[in-house]
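Hi everyone, thanks for making time.

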Amino acid sequence: MRSHRAGFSIVELLTVIAIAGVLLGLAGFSFGRLQARRGAMSARDSFVMLAARARAVAIERGTTARLELDPGAGMARIQYRRAAGVDTVVESLHFRGEFDAALALAVNPRIVLCFTPRGYTRGGGSCTGPESLPDTVTFARGANVARAVIRPLGQVARL
């Protein structure tokens, strides 16, 4: 009489490994798509928060804070001018490096928004003139796109 041995045959083990490999492949593909979508959305949300930060800097410093958006360089930065006439960068954000997201503007090649302690100002100096707003800012990572709109009063909102 033959004794029954506990365990798995090689065919059973290979079947389980093959099924696990297929499931992991599908999960990895889905995770990559999710990561790309979140990258575009995170870039947009960071830009919206950067606009709020520019407004806060203008109030804190009691001066005009400029939010510059340069799609060519894929970056945005907040700066203000000190009494000595020196521009000081408060914060900068590189969308390609931090989020792997491309940046595009619908109307302008470059936008500068100026925030004062009393609100928002357009025209004059290095600020974008009134004819160029509203504008849509598009953040893309692969096929995933997230948009923000810059409204005429300097409000930046998600679309």
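Starting from the N terminus, the elements of the protein run α-β-β-β-α-β-β-β-β-β-β. That comes to two helices and nine strands, where helices (H or I, at least four residues) and strands (E, at least two) are DSSP runs, numbered from the N terminus. Please keep in mind that this is a predicted model: local features need pLDDT of at least 70, side-chain atom pairs count only at pLDDT 80 or more, and totals for chains, interfaces and linings use all residues. Residues are numbered from 1 along each chain as its sequence is written, and side-chain values use heavy atoms, with hydrogens and water left out.

A few overall values next. Buried residues make up 36% of the 159 residues; buried means under 20% relative accessible area, exposed over 50%, and partly exposed in between, with a 1.4 Å probe and protein chains only. The protein exposes about 9,700 Å², and carbon and sulfur atoms supply 58% of that. Those accessible areas come from the Shrake-Rupley method with a 1.4 Å probe, and for residues only the protein chains shown count as cover. Of the contacts with a separation of 6 or more, 53% are between residues 24 or more positions apart, contact meaning heavy atoms within 4.5 Å.

After α1 comes G62, whose phi is positive, near 70 degrees.

Strand β1 (residues 65–70) is joined to β2 by six bridges, and the two run antiparallel; for strands to pair, DSSP has to find at least two bridges between them. Within this pairing, E68 stands opposite R77 in β2. The hairpin of β1 and β2 has four residues between the strands, and there G74 takes a positive phi near 70 degrees. On to the next partner: β2 and strand β3 (residues 87–94) are antiparallel too, with seven bridges, and Y80 has T88 in β3 as its bridge partner. Five residues lie between the strands of that hairpin, where G85 has a positive phi near 85 degrees. How enclosed is β2 (residues 75–81)? Five of its seven residues are buried, so β2 is largely enclosed by the rest of the structure.

Four bridges link β4 and β7 in the antiparallel sense, and A102 has A140 in β7 as its bridge partner.

Now the aromatic rings. Rings of Phe, Tyr and Trp (its six-membered ring) pair if their centres lie within 6.5 Å; planes under 30 degrees apart count as stacked, over 60 as edge-to-face and the rest as tilted. By this rule there are three aromatic pairs. One of them, F47 with F139, is tilted, at 6.0 Å centre to centre and 50 degrees between the planes. F47 lies in helix α1 (residues 10–61) and F139 in strand β7 (residues 135–141), so the pair ties together parts that are 92 residues apart in sequence.

F95 deserves a moment of its own. It lies in helix α2 (residues 95–99) and counts as buried at 0% relative accessibility. Leaving aside neighbours within four places in sequence, the contacts of F95 include A43, F47, L69, G74 and F139. G74, the glycine from our hairpin, is 21 residues from F95 in sequence and 5.6 Å away, C-alpha to C-alpha.

Beyond its neighbours within four places in sequence, T116 is in contact with R55, A58, T63, T64 and T121.
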